[in-house]
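Please keep the sequence and the structure in view while reading.

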Amino acid sequence: MKEKLRKITFSLAYYYFEPDLTDEQQKEQEEETRQRNGYFHKWVEESDISPQTQEPYTKTLALVEDIETGKMYKVEPDLIKFQK
């Protein structure tokens with residue numbers, strides 16, 4: 001089945017420069033923002049609340065699998081890159 005899944009690279013979070021992070025917070029940020037290899041499974045929709053307007057909306061996320069761990073994650077579309 002994995003042969004039919006598209007390979008991707010992805011990260012779990014956006015990188016933001018924050019000068020006042022503790023060493024532990026810095027390590028956590030590095031872990032969340034590092035590039036990983038994975039498989040794209042499908043697009044999923046999820047409800048959320050806009051922080052600006054407090055209005056509900058639906059966002060689309062990628063359901064991806066980490067090749068190393070087998071863990072599944074919901075990832076923002078612009079944090080994934082499909083491999084050729």
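## Basis and overall fold

Helices (H or I, at least four residues) and strands (E, at least two) are DSSP runs, numbered from the N terminus. By this rule the chain contains 1 helix and 5 strands, and from the N terminus on the elements follow the order β-α-β-β-β-β. The model is predicted, so to speak of local features requires a pLDDT of at least 70 and side-chain atom pairs count only at pLDDT 80 or more, while totals for chains, interfaces and linings use all residues. Residues are numbered from 1 along each chain as its sequence is written, and side-chain values use heavy atoms, with hydrogens and water left out.

The chain has a radius of gyration of 15 Å, whereas a compact globule of 84 residues would have one near 12 Å. This radius is taken over C-alpha atoms, and the globule rule is 2.2 Å times the number of residues to the power 0.38. Along the principal axes, the C-alpha atoms fill a box of roughly 45 × 35 × 20 Å. Of the 84 residues, 30% count as buried; buried means under 20% relative accessible area, exposed over 50%, and partly exposed in between (1.4 Å probe, protein chains only).

## Confidence

The predictor's confidence in each residue is given as pLDDT, from 0 to 100. The chain averages 93, and 98% of the residues score at least 70. Confidence is lowest in helix H1 (residues 23–33), at a mean of 91, and highest in S4, at 98.

## Salt bridges

A salt bridge is a side-chain nitrogen of Lys or Arg within 4 Å of a carboxyl oxygen of Asp or Glu. The whole structure holds 6 salt bridges. One of them pairs Glu46 with Lys74, whose closest N and O atoms are 3.1 Å apart. Glu46 belongs to strand S2 (residues 36–49) and Lys74 to strand S4 (residues 72–75), so this pair ties together parts that are 28 residues apart in sequence. Glu46 is partly exposed at 26% relative accessibility, and Lys74 is exposed at 52%.

Another salt bridge joins Lys59 and Asp48 (3.2 Å, N to O). Because Lys59 lies in strand S3 (residues 56–66) and Asp48 in strand S2, the pair links parts that are 11 residues apart in sequence. Lys59 counts as buried, at 18% relative accessibility, whereas Asp48 is partly exposed, at 28%. Arg34 is partly exposed at 30% relative accessibility, as is Glu31 at 38%.

Two strands pair if DSSP finds at least two bridges between them. S3 and S4 run antiparallel and are joined by 4 bridges, with Lys74 of S4 as the bridge partner of Leu63. This hairpin has 5 residues between the strands, and Gly70 takes a positive phi near 80 degrees. In a regular strand the side chains alternate between the two faces of the sheet. S4 has a covered face, Tyr73 and Val75, and an uncovered one, Met72 and Lys74.

The loop between S2 and S3 contains Gln54. Although Gln54 is not a glycine, its phi is positive, at about 60 degrees. Gln54 is exposed, with a relative accessible area of 55%.
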